[in-house]
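Please look over the chain below with its side-chain contacts in mind. The notes after it are arranged by topic.

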Amino acid sequence: MERTSRQIEPSFGQTDGDEQQDAWTRRRLAVMALFTALAAGIVEMAAHLWPFDALADNAGAVSIRLAVYAVVALFIVQFARGREWARLFLIVGLGVVGTASLLVEPAMWLFDGADFDAYFGALDGPGAVILVSRLVHLVAVVVGVAAMLTMRPRKAAGISE
């Protein structure tokens, strides 16, 4: 069979079947990481609201965040089903915009003369949950986006929808 310019040679020692398996492995890793990031974001939101006494005062903001999380979950599901447009949306939306939104507050705090002793001295239960969930969120987004960036688009990989 003669190869055309649209077909891509597999890596040395790698068959087309191995390449497809690698693509599915990366897709599964990305999906698991992105759902982990989503769960961490929900946990962080809940920790910010703790002890839920003022939940009614924040109902609008919580509703908006939950709607955004639902849309992100739908995009993750579409990506898991092989939709390239969903992968691109997630790379830009979570990888760029979402990551920037997670880093702005800590970066401002660092540039404002961060006092680590005071921060960790005053760290309570919800604060610790916020810290850990934000770290998990960031790591999960980095892992998910890295897995998505190392995937070849389905058409280039010869995978049909």
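What follows is a briefing on the nonpolar core, the aromatic pairs, the surface patch and the salt bridges.

This is a predicted model, in which local features need pLDDT of at least 70 and side-chain atom pairs count only at pLDDT 80 or more, whereas totals for chains, interfaces and linings use all residues. Residues are numbered from 1 along each chain as its sequence is written, and side-chain values use heavy atoms, with hydrogens and water left out.

**Nonpolar core**

- The largest nonpolar core has 23 residues, and those with the most contacts inside it are Leu34, Val72, Ile76, Phe79, Leu90 and Met148; a nonpolar core is here a set of buried Ala, Val, Leu, Ile, Met, Phe, Trp, Tyr and Cys residues joined through side-chain atoms within 4.5 Å.
- At least two residues of this core are supplied by each of helix H1 (16–49), H2, H3 and helix H5 (125–149), where helices are DSSP runs (H or I, at least four residues) and strands are likewise DSSP runs (E, at least two), numbered from the N terminus.
- H1 gives the largest share of this core, seven residues.
- The charged end of Arg27 sits over the ring of Phe79, 4.8 Å from its centre; the criterion is that NZ of Lys or CZ of Arg is within 6 Å of the ring centre and within 35 degrees of the ring normal.

**Aromatic pairs**

- The structure holds six aromatic pairs, a pair being two rings of Phe, Tyr or Trp (its six-membered ring) with centres within 6.5 Å, counted as stacked if the planes are under 30 degrees apart, as edge-to-face if over 60, and as tilted for the rest.
- One of these pairs is formed by Phe75 and Phe89, which are stacked, with 3.8 Å centre to centre and 20° between the planes.
- That pair links distant parts of the chain, with Phe75 in helix H2 (residues 59–80) and Phe89 in helix H3, 14 residues apart.
- Phe75 is buried, with a relative accessible area of 19%, whereas Phe89 is partly exposed, with a relative accessible area of 36%; buried means under 20% relative accessible area, exposed means over 50%, and partly exposed lies in between (1.4 Å probe, protein chains only).
- The rings of Trp109 and Tyr119 have their centres 5.4 Å apart and their planes at 55°, so this pair is tilted.
- Trp109 in helix H3 and Tyr119 in helix H4 are ten residues apart, and their pair links distant parts of the chain.
- Trp109 and Tyr119 both count as partly exposed, Trp109 at 32% relative accessibility and Tyr119 at 31%.
- One aromatic cluster is formed by Trp109, Phe116, Tyr119 and Phe120.

**Nonpolar surface patch**

- Trp109, Leu110, Phe116, Tyr119 and Phe120 make a nonpolar surface patch of about 490 Å².
- Patches are made of residues with over 30% relative accessible area and no salt bridge, with like charges joined within 9 Å and nonpolar side chains (Val, Leu, Ile, Met, Phe, Trp, Tyr) within 5 Å; the accessible areas come from the Shrake-Rupley method with a 1.4 Å probe, and for residues only the protein chains shown count as cover.
- Helix H3 (84–111) and helix H4 (116–121) each supply at least two residues of the nonpolar patch, and the largest share, three residues, comes from H4.
- Phe120 is found in helix H4 and counts as partly exposed, at 47% relative accessibility.

**Salt bridges**

- The structure holds four salt bridges, each defined by a side-chain nitrogen of Lys or Arg within 4 Å of a carboxyl oxygen of Asp or Glu.
- Arg26 forms a salt bridge with Asp22, the closest N and O atoms being 3.0 Å apart, and both residues lie in helix H1, four residues apart, about one turn of the helix.
- Arg26 is partly exposed at 28% relative accessibility, and Asp22 is partly exposed with a relative accessible area of 30%.
- Arg134 forms a salt bridge with Glu44, in which the closest N and O atoms are 2.5 Å apart.
- This pair links distant parts of the chain, Arg134 in helix H5 and Glu44 in helix H1, 90 residues apart, and both Arg134 and Glu44 are buried.
- Glu105 also forms a salt bridge with Arg134, with the closest N and O atoms 3.7 Å apart.
- Glu105 in helix H3 and Arg134 in helix H5 are 29 residues apart, and this pair too links distant parts of the chain.
- Salt bridges that share partners join Glu44, Glu105 and Arg134 into one network.
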